[in-house]
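Hello,

Here is the structure I promised to hand over to you. Please have a look at it first, and then read my notes below.

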Amino acid sequence: IPEGAGPIGSSKACSNQGFLFNDQVLALQFHLEVTPGIVEGLIRNGSHELIGGEFVQTASELESGLEYCNRNKNLLFTLLDEWLGEA
């Protein structure tokens, strides 16, 4: 992350899942904006890359998580509203 930025998340797969810089830049290394249509397109167009593994989900694993897309979108808007002081 850039010098002077503060980390805001980490995981086993990525030590820098997000950071905040000068209270003006919010960076996320994950995709709360994903919709079922986006996931379906990723599966349709990139299935050859979905080999499974410690940090790569299979198509069926991705499909089983579609129910969380709407919740994640709501989390994204809550996060942005809070960060922008609009909540």
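Leaving aside neighbours within four places in sequence, glutamine 17 is in contact (heavy atoms within 4.5 Å) with Gly9, Ser10, Ser11, Ala27, Leu28, Gln29 and Phe30. This is a predicted model, in which local features need pLDDT of at least 70 and side-chain atom pairs count only at pLDDT 80 or more, while totals for chains, interfaces and linings use all residues. Residues are numbered from 1 along each chain as its sequence is written, and side-chain values use heavy atoms, with hydrogens and water left out.

Is glutamine 17 buried or exposed? Glutamine 17 counts as buried because its relative accessibility is 15% (buried is under 20% relative accessible area, exposed over 50% and partly exposed in between, with a 1.4 Å probe and protein chains only). You will find glutamine 17 in the loop between strand S1 (6-9) and strand S2 (18-21). Strands (E, at least two residues) and helices (H or I, at least four) are DSSP runs, numbered from the N terminus.

Now for the sheet. Three strands form an open sheet in the order S1-S2-S3, with antiparallel pairing (two strands pair if DSSP finds at least two bridges between them). S1 and strand S3 (25-28) are the edge strands, each pairing on one side only. From one strand to the next, the twist averages 20°. Three bridges join S1 and S2, and glycine 6 has leucine 20 in S2 as its bridge partner. Helix H3 (69-84) lies across S2 and S3 and runs at about 160° to S3 (axes are lines fitted to C-alpha atoms, for helices over the stretch in contact, and angles run from 0 to 180 degrees between N-to-C directions).

Finally, the pockets. A pocket is an open set of points on a 1 Å grid over the protein atoms alone, where a 1.4 Å probe fits, with protein on both sides within 12 Å along at least five of seven lines; lining residues have an atom within 4 Å of a point. The largest pocket has a volume of about 520 Å³ (the space filled by probe spheres set on the points, which are joined across faces, edges and corners). Of its 17 lining residues, Val34, Val39, Leu42, Gln57 and Leu62 are the closest to its centre. Helix H1 (36-46) is among the helices that supply the lining, and H1 gives the most, with three residues.

The second largest pocket, at about 180 Å³, is lined by Ser11, Ala13, Gln17, Phe30, His31, Phe55 and Gln57.

Best wishes
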